[in-house]
Amino acid sequence: ATNLKHPDSVIKHLSFQALAKLNAHEATIPYLSSNDIATRKAAAWALMRMHDKEVVSQLIELLQKEKSPDKRRPIISTLARLYHQDAPWNGESWGTRPDTRGPYYQPITWEQSPLILNTLKSLIAKSPGPETAFIINKMGKNRIPAEDTLTKLIQLAKSDNSLIPTLLKQISPKDNIPPHAIPLIVKGAQMATKDATALSKAIELLMPLDHPDKISAVIPALIQLHQLKGAGKESWASQQRFLNSPKLENHHLELETLAEKKADNDHGFWAACALLKLATRKEGSPESRELSQAAIDKGWKNPQQRIQLIKAARQLRSRHLNPKIKIALNDPNSEVQTAAQTAAPFLGLLKRYKDITPRISTLTTKQTLALVAKHKGNINLGRQIFEQATCNACHSINPNEGTSKGPYLGNISQTYRRADLAKAIILPNDSIAQGFK
């Protein structure tokens, strides 16, 4: 247990895992009161793995005595994690769309779950706002059912904007969103934050709604996500939700006005992306396509809008404007010309050079895998190949598209290592995912 303080992270990891295996809660619990943050966290990690009645009892007793908010948090986190345990494995694989929410693959309750739930609910009723928000957040992450907690959090967030990100993460778009929460969701999308998950959730919640402030809230959130370092996954998912929303065409007039009046900034860029998407939608209404195309043709006459439309075409990999962009490669406006030249490689407008690298069919699997290990991927080229090779005819990378003919690939990098994924592409029949034989 003394090694929970060890500066070497490997030693610390081995220590808390060993304590968990030994169910050594008596030796571990005192370290939850340590003045060192890392030590408290390591002790909590060990206790979270000890599904023991005595552990739950001692944690509740310690929580009643501890007054420091910083020291109470690891105790609360541990109790929330102990609410569930993993069901015995029944021999089935994760399938093609594994539930990666965690912390358990197949969570089930156990004899101490009711006591833990009652303790957490009691804390929510009497704790100050920040601790209440922390408890509700931990309950959400650990999938602990508590319908009344959302109402409490909405009330707190109305008077404390710092709780809005926590609120956003607790609301499910599949449920009926409480009407009194919608203004808070709008505010959450517009507020300056580095919480990519909260911004992405705000967009996810707003796009299906009919709300007059939807576009003016969603676009600032998209801009923030696009600029946040390390938020690529959230930015891409939010972009897809925005552009593929069936209700986007209901805001055509607002988007057209925004594209024209905000052509010199990022608001105009996302409005241009939306108009380009609406103009090329096969499932959209004919009127929406015509109006969007008319807005694009009108905007093309303005050099600043022309730049935004070219950038939008590059962002969406849309070749709809290729004839116009091809001419713009020699545009008299130097900024338009630069935008067109930058977009050209992504839209297939530059001369294709002969590929002299060896073809996969001429290499052994071992040789190919060796090259894959050395090669740095290009996400833009990969996306084009995924479409050109018609991989998307059977495979989906969008979790909202429903059942596919082949395995879902949206989170494939989380379930396959690079070499295994390459081998699955080269030798597709070598291993077939469950349910697709």
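The structure, which is a predicted model, holds 2 aromatic pairs, where rings of Phe, Tyr and Trp (its six-membered ring) pair if their centres lie within 6.5 Å, with planes under 30 degrees apart counted as stacked, over 60 as edge-to-face and the rest as tilted. Both pairs are set out here.

| Pair | Centre to centre | Angle between planes | Kind |
|---|---|---|---|
| Phe-16 and Trp-45 | 5.3 Å | 55° | tilted |
| Phe-269 and Trp-270 | 5.0 Å | 70° | edge-to-face |

Phe-16 belongs to helix H1 (residues 9-22) and Trp-45 to helix H3 (residues 37-47), so their pair ties together parts that are 29 residues apart in sequence; helices here are DSSP runs (H or I) of at least four residues, numbered from the N terminus. Phe-16, at 4% relative accessibility, counts as buried, whereas Trp-45, at 34%, counts as partly exposed (buried means under 20% relative accessible area, exposed over 50% and partly exposed in between, with a 1.4 Å probe and protein chains only). In the other pair, Phe-269 and Trp-270 are both buried.

Helix H19 (residues 334-343) has as its buried residues Val-336, Ala-339, Ala-340 and Ala-343. These residues cover an arc of only 95° around the axis, which puts them on the same side of H19; the arc is taken from the directions from the helix axis to the C-beta atoms. The buried residues of H19 pack against helix H17 (303-316) and helix H18 (322-328), contact meaning heavy atoms within 4.5 Å.

Residues are numbered from 1 along each chain as its sequence is written.

Definitions and conventions. Predicted model: local features only at pLDDT ≥ 70, side-chain atom pairs only at ≥ 80, totals over all residues. Heavy atoms only, no water. Helix = DSSP H or I, 4+ residues; strand = E, 2+ residues; numbered from the N terminus.
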